[in-house]
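My notes follow in the order I checked them.

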Amino acid sequence: MSKKNSGSNSGAGKKSQDLDQNTTNPDGEFLTTNHGLRINDNQNSLKAHERGPSLLEDFILREKITHFDHERIPERAVHARGAAAHGFFQVYESQKEITAAKFLQDPSRKTPVFVRFSTVAGSRGSTDLARDVRGFAVKFYTDEGNYDLVGNNIPVFFIQDAIKFPDLIHAVKPEPNNEIPQAASAHDTFWDFISLTPESTHMIMWAMSDRAIPRSLRTMEGFGVHTFRLINEKGKAVFVKFHWKPVLGIHSVVWDEAQKISGKDSDFHRRDLFENIEAGNFPEWELGLQIVPEADEHKYDFDLLDPTKLIPEELVPVKIVGKMTLNRNPNNFFAETEQVAFHPGHLVSGIDFTNDPLLQGRLFSYTDTQLTRLGGPNFHEIPINRPVAPVHNNQRDGHMRQTVNIGTAHDPNTTGGGCPFQAGKIDGGFVSFMEKMEGSKVRARSKSFFDHFSQATLFYNSQSDWEKAHITKALQFELGKVKNPAIRERMVGILSYVDKALSKAVADALGIKTPVQIEKPINRNIPADGNVKDFEPITKKQSVEKSDALSIEFTPLNKDKNIKTRKIAVLLADGFASADVDALNATLKKNGATSCIIAPHLGAIKSDSTKSIDAQERILGTASVLFDAIFIPGGAKSVQALLKEPACVEFINDAFKHCKTICAVGDGVKLVEKSDAIKADDNDEGLILALEGTFAEVSKEFVASVAMHRHWAREAKLGG
């Protein structure tokens with residue numbers, strides 16, 4: 001019996017209908033073998049007698065065990081850990097002027113999408129909260145074929161040429177002798193590579209920022225990373241950078257918080273995405289384009305083809321053209337999230353590549369890796385990868401072929417009436433952009449790629465004080481785990497080219513007494529016969545010195561302050577003030593947030609009236625790092641019970657340390673006062689204490705405080 005996916009007969013529902021033919025539900029059905037034979041006994045293997053040996057003829061046992069033994073497939077070499085969801089994309093108005101891509105032309109069309117988010121370095125079983133780049137891959141099931149926009153949550157990358165990718169990943173993966181550490185870059189091989197590769201400096205600044213530890217997959221940006229081309233129906237091309245702008249804004253956690261989340265709930269991001277979609281809080285991103293005319297290719301103080309560079313939005317504003325909504329979770333993690341295969345080379349007419357040397361290598365790598373991971377060349381027939389557009393070609397056979405092909409398999413042919421025949425451009429046939437090429441065949445890199453530090457400095461200078469402090473602490477932590485002093489010293493030298501104060505702060509923490517700027521950054525990415533002087537980094541004066549879009553604090557995406565989908569921890573016990581909790585829940589519902597009742601025990605918790613409420617979590621089974629704010633209602637009996645729970649004070653202390661809003665009313669204030677870490681401060685907007693009041697009286701203040709996300713001024717006062 002099929003379990004039907006949600007979706008209409010057109011637009012976003014096309015992929016759902018396509019998946020229906022491969023989706024089954026056993027409700028009301030008999031248990032069978034893989035070949036349809038109904039099974040009478042699934043509890044015992046076939047034996048010679050009750051206490052005798054199992055028999056080789058037990059084909060049911062053999063089938064079951066054999067299938068189980070082969071259920072695992074190789075995990076991805078990178079981006080192994082991920083979470084995904086279905087949804088749709090809809091353009092706001094036609095972009096026909098700049099692209100022939102149909103899904104970017106028709107505002108009435110809902111194009112189905114499948115989006116996979118991931119960490120890069122860790123294994124499939126690693127934590128969601130590793131400090132890492134996040135993959136942000138979108139598969140558009142367009143009527144003209146699948147289009148994959150395979151990007152990250154950071155707009156640049158570590159390397160400029162794909163030939164260095166294996167070296168980068170070997171370096172960031174666990175140390176080869178002991179497979180330690182997992183899903184972490186804080187070790188010698190990674191920083192050895194980075195300290196010898198100055199082109200990585202810009203990316204390192206992003207990776208050490210809070211962008212690498214997002215609060216939620218729903219609150220991070222996405223980027224295509226590379227410069228691509230859009231081509232209209234007349235053949236005119238423009239350069240384009242793709243952006244995904246989260247409607248909920250950009251929010252992150254702090255490093256101490258991330259480490260504790262990893263211990264309390266290593267599936268934190270997966271769970272957050274899944275539960276919010278199930279609750280109807282559908283994540284949304286707007287698609288933005290940075291358009292550069294071909295005539296302006298060499299206009300800027302950076303090279304558009306350099307994947308370690310971004311285009312500041314002050315130079316080229318992001319044009320918002322549409323919205324993506326994720327509204328359905330996968331029915332089966334393995335069949336969909338694990339087997340989905342993305343590839344930057346999956347294009348539709350109207351979009352094409354540039355000569356970005358990292359992108360060019362990816363065009364080979366993504367297909368190549370699927371051959372091993374998914375068992376052969378027919379991975380495109382797996383339901384989640386199958387396009388909704390018709391597929392007709394002369395490709396045949398291979399491991400696990402699904403399609404039953406009829407007719408001839410060569411082109412040209414007369415035996416099949418010339419079919420399938422080539423499509424003219426007017427019929428949607430893909431035509432590669434006609435780019436003029438000239439020059440010698442060389443293994444070389446353009447001098448325009450050699451400015452490795454200017455945009456790293458731009459990023460750092462664009463941060464708020466607290467963001468700079470977090471970057472500094474991250475570098476101190478990471479390099480503090482490096483055992484080789486020479487590697488630490490090289491990195492301090494590299495950082496001196498970004499910002500001398502940053503370099504000194506890191507050097508001081510590492511016990512490096514004299515952080516002298518090295519004369520020229522060490523660059524070991526040089527051919528054997530290369531002249532070192534020919535590979536020295538250059539510095540270009542930047543036309544943009546600060547960019548608000550690069551800062552979580554200053555980004556325009558965070559100007560709309562609200563608490564939608566925020567999760568509030570409510571600490572209470574028997575005897576709590578029901579009026580306070582009722583007022584809180586009414587306020588949260590009005591503002592699109594939710595509460596979680598946390599008590600000393602599960603089950604019904606009695607209030608100070610006839611009402612009771614069910615606890616959703618035990619205090620000893622959860623932690624404040626899993627929530628956005630804390631509320632403690634009044635009720636003398638309730639607070640007395642909580643005061644007997646040491647975990648309550650730890651819960652509050654961590655929330656305060658992580659700069660979250662803490663609100664307590666009536667007797668609830670006494671629980672906060674129990675904390676030695678918290679000192680009442682009239683200037684701390686995140687600490688709302690109303691000893692003589694009720695929640696109804698402070699509800700507006702509470703909402704405004706939580707909407708700030710964090711109260712970073714508190715860090716300086718805590719000395720953190």
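**Helix 11 against helix 13.** I began with this pair: the two helices pack at an angle of about 40°, with their axes 9 Å apart. Helices here are DSSP runs (H or I, at least four residues), strands are E runs of at least two, and both are numbered from the N terminus. I took axes as lines fitted to C-alpha atoms, for helices over the stretch in contact, with angles from 0 to 180 degrees between N-to-C directions. Helix 11 and helix 13 are therefore oblique to each other. Oblique is what remains once angles under 35 degrees count as roughly parallel, over 145 as roughly antiparallel and 65 to 115 as roughly perpendicular. Their crossing is right-handed, that is, the near helix is turned clockwise from the far one by less than a right angle.

I then listed the contact, meaning heavy atoms within 4.5 Å. From helix 11 come T472, L475, Q476, L479 and G480, and they meet L502, A505, V506, A509 and L510 of helix 13. By class I noted seven nonpolar residues, three polar and no charged ones. Nonpolar covers Ala, Val, Leu, Ile, Met, Phe, Trp, Tyr, Cys and Pro; charged covers Asp, Glu, Lys and Arg; the others, Gly among them, are polar.

**Provenance.** This is a predicted model, where local features need pLDDT of at least 70 and side-chain atom pairs count only at pLDDT 80 or more, while totals for chains, interfaces and linings use all residues. Residues are numbered from 1 along each chain as its sequence is written, and side-chain values use heavy atoms, with hydrogens and water left out.

**Helix 10 against helix 11.** I looked up this pair next and found an angle of about 125°, with the axes 9 Å apart. Helix 10 and helix 11 are therefore oblique to each other too. F459, Y460 and N461 of helix 10 make the contact with K468, I471 and T472 of helix 11. The classes are three nonpolar, two polar and one charged.

**Cores.** Which residues touch the most other members of the largest nonpolar core? They are F158, W191, M205 and L475, in a set of 50 residues. A core is a set of buried Ala, Val, Leu, Ile, Met, Phe, Trp, Tyr and Cys residues joined through side-chain atoms within 4.5 Å. Buried means under 20% relative accessible area, exposed over 50%, partly exposed in between (1.4 Å probe, protein chains only). Among the elements giving two or more residues to this core are helix 3 (165-172), helix 4 (188-195), helix 5 (201-207) and helix 12 (485-496).

I followed M205: leaving out residues up to four places away in sequence, M205 touches A456, F459, Y460, I471, L495, V498 and L502. Another core of 37 residues lies apart from the largest one, with F103, V138, F242 and I351 among its members.

**Backbone.** Most residues other than glycine have a negative phi, and most peptide bonds are trans. I logged the exceptions.

- I180 and P181 are joined by a cis peptide bond, omega about 0°; P181 sits in the loop between helix 3 and helix 4.
- The bond from D411 to P412 is cis as well, with omega near 5°. P412 is in the loop between helix 9 (357-373) and helix 10.
- H79 has a phi near 60° and is buried at 17% relative accessibility.
- T565 has a phi of about 65°; T565 is buried at 16%.
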